[in-house]
Amino acid sequence: MKTLHIMVGGPESELPDISKYDKKIPWIGVDRGAIRLTDRGITPIIAMGDFDSLSKPELSHLKTITEVTEFPAEKDETDTEIGLQWALTQKPDLIRIFGATGGRLDHLLANIMMLMQPRFLDVISKIELIDRYNYIKMYKPGEYTVSRMPDKKYAAFITMADVKKLTLKDFKYPLTEANYPFGAALSSNEFTGEQGTFSFQTGLILFIQSND
């Protein structure tokens with residue numbers, strides 16, 4: 001399975017320990033995220049963004065070690081969107097995005113809502129957002145089996161559109177064909193075992209595994 005990792009420029013304090021991931025997986029550095037990688041001894045295969053958060057010496061050094069694609073600060077896409085769009089051209093099976101949450105709320109919302117854009121909607125099953133406390137993934141209608149992450153206690157189901165016939169099995173608070181409007185936050189649920197299943201017929205669900 002071809003996997004790509006993207007590091008964007010969110011707060012350092014919110015990053016998980018990335019050393020546990022396979023060191024052979026290629027990284028894409030987005031804006032400040034490229035420096036986050038080099039600070040950890042990782043050279044991204046490409047760095048992208050407007051780099052308004054980098055000093056001139058940092059940017060100059062980055063250009064000596066990897067391919068750098070610069071964009072103007074005033075543009076119609078966020079740096080994260082640019083990085084994700086490029087990653088998708090590589091036709092991966094899985095994309096993990098780090099550094100996209102925490103810090104500024106507008107950045108957080110932009111990165112969550114990004115998954116609902118028509119150009120990304122068909123490939124959201126490939127995209128995961130990961131930080132120190134949360135694992136986030138968007139789902140379209142269907143039936144899914146998900147595994148409990150060993151370092152996470154809670155499971156949440158957030159409706160990002162009107163959801164019909166939501167069924168949860170093997171969770172502490174199960175459901176059978178329940179309907180919820182956009183914006184319902186079914187939080188603080190828990191797995192009863194190592195796996196749980198959920199299904200729904202219409203809408204979008206943001207699934208989150210988290211810990212305190």
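Domain 1 and domain 2 bury about 1,400 Å² between them, and 59% of this area lies on carbon and sulfur atoms. Buried area here is the accessible area (1.4 Å probe) that two parts lose on being put together, summed over both. In domain 1, M116, I124 and R132 lose the most area to domain 2. Together they account for 32% of what that side buries. The model is predicted: local features need pLDDT of at least 70, side-chain atom pairs count only at pLDDT 80 or more, and totals for chains, interfaces and linings use all residues. Residues are numbered from 1 along each chain as its sequence is written, and side-chain values use heavy atoms, with hydrogens and water left out.

The domain assignment places residues 1-132 in domain 1 and residues 133-211 in domain 2. Such bounds come from an automatic or database domain assignment. The C-alpha centres of the two domains lie 26 Å apart. Contact (heavy atoms within 4.5 Å) involves 17 residues of domain 1 and 14 residues of domain 2.

One salt bridge is counted between the domains. The term denotes a side-chain nitrogen of Lys or Arg within 4 Å of a carboxyl oxygen of Asp or Glu. The side chains of D122 and K140 form a salt bridge, at 3.7 Å from N to O. On the domain 1 side that touches domain 2, α4 (105-114) and β6 (127-130) are the elements that give two or more residues. β6 gives the most, with four residues. Helices (H or I, at least four residues) and strands (E, at least two) are DSSP runs, numbered from the N terminus. By class, this side of domain 1 has nine nonpolar, two polar and six charged residues. Ala, Val, Leu, Ile, Met, Phe, Trp, Tyr, Cys and Pro count as nonpolar; Asp, Glu, Lys and Arg count as charged; the others, Gly among them, count as polar.

An unreviewed UniProt entry lists residues 142-206 as "domain: Thiamin pyrophosphokinase thiamin-binding". Over residues 142-206 the chain is 0% helix and 58% strand. The end C-alpha atoms are 13 Å apart.

Notes: UniProt positions renumbered as here; feature names shortened; annotations may be inferred.
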